[in-house]
Structure formats: structure tokens, C-alpha cells
There are 2 protein chains.
Amino acid sequence: MGGPELEHLIGLFAKLPGLGPRSARRIVLKLLRERETRLLPLADAIRAAANTVRTCSVCGNLDSRDPCTICAAPSREAIICVVETVADLWAFERAQIYRGRYHVLGGSLSALSGRGPEDIAIASLLARIADEAPAEIILALSATVDGAATGHYLAEKLKGFDIPISRLAQGVPMGGSLEVLDEGTLATAMRARRIA
Amino acid sequence: MGGPELEHLIGLFAKLPGLGPRSARRIVLKLLRERETRLLPLADAIRAAANTVRTCSVCGNLDSRDPCTICAAPSREAIICVVETVADLWAFERAQIYRGRYHVLGGSLSALSGRGPEDIAIASLLARIADEAPAEIILALSATVDGAATGHYLAEKLKGFDIPISRLAQGVPMGGSLEVLDEGTLATAMRARRIA
């Protein structure tokens, strides 16, 4: 349908997260119908991002400058929030509730996937802590088996630094209906209950 | 977050059909993480499609050749299936149940949107029919008010040609549970019932 260039483009879109052949066809048709306003600008933007965006050599964030905008900002507090992915970092930035710095591990320890401490950015975190001596280290890891394992490993490694280590609170999410919550969350929320 | 190039790219993805800010961020992060295998190939494929894919001057299909692969194929029967969009044409091709030719109107007549006969490819259809004298014309239009209006208008215009004009059957879709079907479909299916 439509020649090799079109099929190739649809195939690449179809493999992006959350997309499939149907949505890829819809997107490509839209792009081709609006060539000047969508197709060419998207090609240019991808090229520009490919040329400028790099992984920050300090924290692992993605930015068109290195060190990234956050690492370069003198106003950011000397606290390090350790996250698994850049997506997690962005989620905190969108929430606008944290004004410290970050460290992106690039994943979690995983016995199942065979990811050990040398496969994620733990060595650079330890070097950074020794160098920057932050006032606090926040372990903002996923509430999964792998996230918990990573948190335990890091807490153990960070013991020697004499710096307060904290974790995110776990419980009922905002707007969460108890009826649909899983038992693990309910149990955690019950155990961690606070006097109102 | 991440500088202007990154935000611009996410903004463009977020405006594609079916995507929003959340899915656009996910896609862009994936692209940047897999720069060599995803980001650069996608940029190249968009550029290649932009440079090669054109609207077929005969039928309105999109293809990297003009006339398109379908129009250029001598094996295709001399029947014209009139569709509203290239997406509809592709749907028939995927189903592999039709070996004739197509004509893409590029939309339907719409009183509400103010689209008249001169806004869609009706003149070129009439010229083509006069020229090619097809054995049949299939009006494969949406089962909507606009699709029906377009079908009536075309049937009227095509009366003079002495060529059989057909329409798609309407009824219960395959795998369709009657319980969830709308009343319009049920009524059409009942009226058009056939002796088993």
C-alpha cells in the first residue's frame, strides 16, 4: 500500500510505545495530508533533538545542555532525589513540589532481568554524594519488587555517608477509590495510618 | 524540562491523532534512549516519505509513484470503488476482497461543514468515468448523514452514464453482539433481512 517509503514509515511508527499498525496508519495519513504544517516540522524537530539533546553527565537527565538546566541552576537545593528514569524526573518537575537536584539510575536492580549494581548509575551516584555532600538523599523508586531491592541496596551503600536518607510515602493515591485499590496498597496505607 | 528542542518535539507528537502530552513524552523518551535504532531511522523515514509520497493524479491515493501502484496495475478490474479517504482505500486493500480500482473523494459533502461538490474530487470522478467507462461504480461511503448525502448526490450525477451503481450492504457487523448495537443498525439489518 503506497510504496516502500510509506510502509517503512508506518512500520516505524507502529513500533513506538502505545502505538500499533492502526494508529500508525492514522498518524502517517494525517502527517501526509498536512505536509507543510506537520510532516516537515516533525522531521526538523526530530533532527534538532537528535543533534542537541544529550544525557547530562552529572545526573543522567536529558537536555540540550550539559550539565542539564537543573544541575546548572544555582537556586536548586543541595538535596539529591534518586529516580529510576528520566520520565520519573519529569513527573516530579511537572508536579512542581521539589526544588532539589536529581540522580537518574537508568533502571532498577533486577534479579529477573539480570541487572546488577554495575548496570545502573550507582557508582556515579556514590562519587557525586562524596563530592557534593548533599543535605538529604531521597530514594524515589518504584513501589515494585525491583524498586524495593534497589532501595535496600542503596540504603546499605549510603550508610557510611552520615546523610539523612528518606523514601516516598506509600498509601492511597489522591482521588483513589478504595474499592478498586489492590490489597498491597490498602495494607500499606493501613499500616502507615496517621492520627487525624 | 530538557530544553526547547525537546519540548518542541514533544509538543508536535502530542498533537498527532490519538496522542497526548503523556504518550508523546513516553514516545520521545523511547526515541532518545534508542537514538541509533529508532530516532535517526524515524527522521530518515519521515524525510524519505516527504520527498517521495505524492497524491495519485488519477485516483487520489497516496503512493511513491504517480499513477499509484493500483492505478498502474493492468490486472486491476475496470470497476471503480468510490471512497471518502485514503484510509478507507487502505482498509479495502487490507481486507483483500476487492481487485478493482478506486477513487478517493477526499471527504464527503457536508452541509454542516460547508463542503460542497466542488470541495471534493467529484469533477475528476465524472471525467474519469467518461474516459474509462468502468463496468461498475461502487459507492463505498460512510454510513453517516454526510456519507448518505454524498451517495445520493453521486447517484444522481451518475444516472446519465448507464453504468451499474452499487452500495455497500448495511447490517450487523461480523462478531457484533446485537445487545450493544445501535438502533439504526438493528433497524437497517432487520429491513434488509434475507431468507436464509
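Okay, let's start with a distance: in chain A, the centres of domain 1 and domain 2, taken over C-alpha atoms, are 35 Å apart. Keep in mind that what we're looking at is a predicted model. As for where those domains sit, the domain assignment of chain A puts domain 1 at 4-52 and domain 2 at 77-167.

Now, on to the contact between the two chains. How many residues does each chain put in? Chain A brings 48 residues, and chain B brings 48 residues too.

What about the charged and polar pairs? Between chain A and chain B we count two salt bridges. One of them joins Asp44(A) to Arg47(B), and their closest N and O atoms are 2.7 Å apart. There are also eight residue pairs in polar contact across this interface, both residues being at pLDDT 80 or more.

So which parts of chain A are doing the touching? On the side that touches chain B, at least two residues each come from α1 (4-14), α2 (21-33), α3 (35-52), β2 (62-63) and α5 (86-95) of chain A. The top contributor there is α3(A), which gives 15 residues. And if you sort the residues on that side of chain A by type, you get 29 nonpolar, six polar and 13 charged.

Terms used
Residues are numbered from 1 along each chain as its sequence is written. Chains are lettered from A and ligands numbered from 1 in the order in which they are written. This is a predicted model: local features need pLDDT of at least 70, side-chain atom pairs count only at pLDDT 80 or more; totals for chains, interfaces and linings use all residues. Side-chain values use heavy atoms; hydrogens and water are left out. Contact means heavy atoms within 4.5 Å. A salt bridge is a side-chain nitrogen of Lys or Arg within 4 Å of a carboxyl oxygen of Asp or Glu. A polar contact is a pair of N or O atoms within 3.5 Å; within protein, one must be able to donate a hydrogen and the other to accept it, and residues adjacent in sequence count only if both atoms are side-chain atoms. Helices (H or I, at least four residues) and strands (E, at least two) are DSSP runs, numbered from the N terminus. Ala, Val, Leu, Ile, Met, Phe, Trp, Tyr, Cys and Pro count as nonpolar, Asp, Glu, Lys and Arg as charged, and the others, Gly among them, as polar. Domain bounds come from an automatic or database domain assignment.
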